[in-house]
Amino acid sequence: MLFALPAAAHDALPPAVQLALASAQIPDSAVSVWVQPVDAAAPSLRHNADTEMNPASVMKLVTAFVAFDQLGPAHTWSTRIASDAGMSQGVLSGNLYIVGSGDPALDKDRIGKLLRRLRGLGIERIAGDIVLDGSVLQLPPHDPDAFDGRGLRPYNSGPHGLLMHYNTLELALFPGRQPNQAVTVLAEPPLAGVVVDNRIVTSAAGCDVWYRDLEARIEPGRRLVLSGSLPAACGPRTWSAAPLPPAEFGAAMVATLWAEAGGRLDGQIRSGLMPPDAQVLLTHESPPLADIVRDMNKWSSNVIARQLLASLGARSPAEAPEAPDAVARGAHAAAEGLAAAGLSVDGLIIENGAGLSRIERIRAGTLGQMLMLAWQRPWMPEYISALPVAGLDGTARRRLRNSPASGQAHIKTGTLNGVRAIAGYVLDRNSRRHVVVMMVNHPEAGASASAQDALLEWVWSAQP
């Protein structure tokens, strides 16, 4: 049975919110809001709640809800190492296969541990190839430049059946003490065959948006060119890049980690399929879904969200012609999951589950009712604890910092050009918890943070 929208809810925005929106030159028509106490049968405030809005990264709440509902918070992914060859005197006579399951959190430490354990089994040299099998996810072509032309930014990376280290090269930057001095760059993990050409220099600018002048590009020969400047006032910083597509990134990383483990390889590292008669030598379990969702929502990881949606799709039957791949089937499964929970999916559009999209849409009423349902689910503690705490951590650490409401709101934020959104839970000063959703779609949406904070403070103050 679908939720109804009671007529008793108020649709007039609180005065402080109206004032902040007016100051930002944003009309009420560009704003949708839903507020409801978790112990109430109806919302206390709804405004344009039936209007389809772009939620930006707040869409990750939908992905998390469906993942928890369908997989459960303890769900894990298994990565296998297998071979169809024999071993003698430390030499594996054929190929080694690393088989992915869509694990969103297979980082360099876990891959390194697997390869060290392989060495511990006595394998010193692989006479054949190392074959990376990511076939578990049937994926559409992915263009990392399509969204904003910044294809080397990790947030633009697509999903992969054997995704390694979030397809992200971490760059530790150490500025000099004086302007024009070279900035020291350390890349982690080192990628075999990738040359880092560091041209970043130290500047005397103030440390506000410290990464503003940094640029990365990939040139022929896998040369990663880093340019721009970093203010000395910033001190050491961590930047990141995605210099290679996921399959190539994984191959380069495995080459480095196998060598670091003391292993030798006669063949090459390539993509391929594990033969059915291969024997599994090692299995590695991912962290539980609850931990992965926490990483996704605390820091708004688009890569993890894309992986989760594709994983949901991989579990769905490939029947609908409109859902020919794991991403499309994941979007279909998410919409069906919400509908099965009794939520209206009218106007819902899911493209990648991450919110990094110009076409994704959802209604504030749907989000608010979904958060009400999440409060009643057995996995509610894991769902809420994964959200950033305003004023304290994650992407909301700078929100409400000097407000009495600081620390009282578990809020997912979302920002794109023309979009700013929040959704989550607020504990008011009387210890009553409320669901809060606010989405702004307007060219001046970037200036609406103060209006959103005003809404959070209004809920915290427990005004009638």
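Buried means under 20% relative accessible area, exposed over 50% and partly exposed in between, with a 1.4 Å probe and protein chains only. All views show a predicted model, in which local features need pLDDT of at least 70 and side-chain atom pairs count only at pLDDT 80 or more, while totals for chains, interfaces and linings use all residues. Residues are numbered from 1 along each chain as its sequence is written, and side-chain values use heavy atoms, leaving out hydrogens and water.

**View A. Histidine 434 and its partner aspartate 428 make a polar contact.** With a relative accessibility of 8%, histidine 434 counts as buried. Look for histidine 434 in strand β24, residues 433-441; here helices (H or I, at least four residues) and strands (E, at least two) are DSSP runs numbered from the N terminus. The side chains of histidine 434 and aspartate 428 meet at 2.8 Å. A polar contact is a pair of N or O atoms within 3.5 Å; within protein, one must be able to donate a hydrogen and the other to accept it, and residues adjacent in sequence count only if both atoms are side-chain atoms.

**View B. Arginine 429 lies over the face of tryptophan 460.** The distance to the ring centre is 6.0 Å. A charge sits over a ring if NZ of Lys or CZ of Arg is within 6 Å of the ring centre and within 35 degrees of the ring normal.

**View C. Strand β7 pairs with β4 and with β9.** Two strands pair if DSSP finds at least two bridges between them. Strand β4 (residues 78-83) runs antiparallel to β7, joined by four bridges, and isoleucine 81 has isoleucine 98 of β7 as its bridge partner.

View D. Strands β14 and β15 (residues 223-227) run antiparallel and share five bridges, with isoleucine 218 partnered by leucine 224 of β15.

**View E. A disulfide joins cysteine 207 to cysteine 234.** The S to S distance is 2.1 Å, and a disulfide is a pair of cysteine sulfur atoms within 2.5 Å. Cysteine 207 lies in the loop between β13 (201-203) and β14, and cysteine 234 in the loop between β16 (229-231) and β17 (237-241), so the pair ties together parts that are 27 residues apart in sequence. The torsion about the S-S bond is about 115°, so the disulfide is right-handed. Cysteine 207 is partly exposed at 31% relative accessibility, whereas cysteine 234 is buried at 9%.

**View F. Phenylalanine 68 and tyrosine 383 form an edge-to-face aromatic pair.** Their ring centres are 6.2 Å apart, with 65° between the planes. Rings of Phe, Tyr and Trp (its six-membered ring) pair if their centres lie within 6.5 Å; planes under 30 degrees apart count as stacked, over 60 as edge-to-face and the rest as tilted. Both phenylalanine 68 and tyrosine 383 are buried. Together with Phe65 and Trp379, they form one aromatic cluster.
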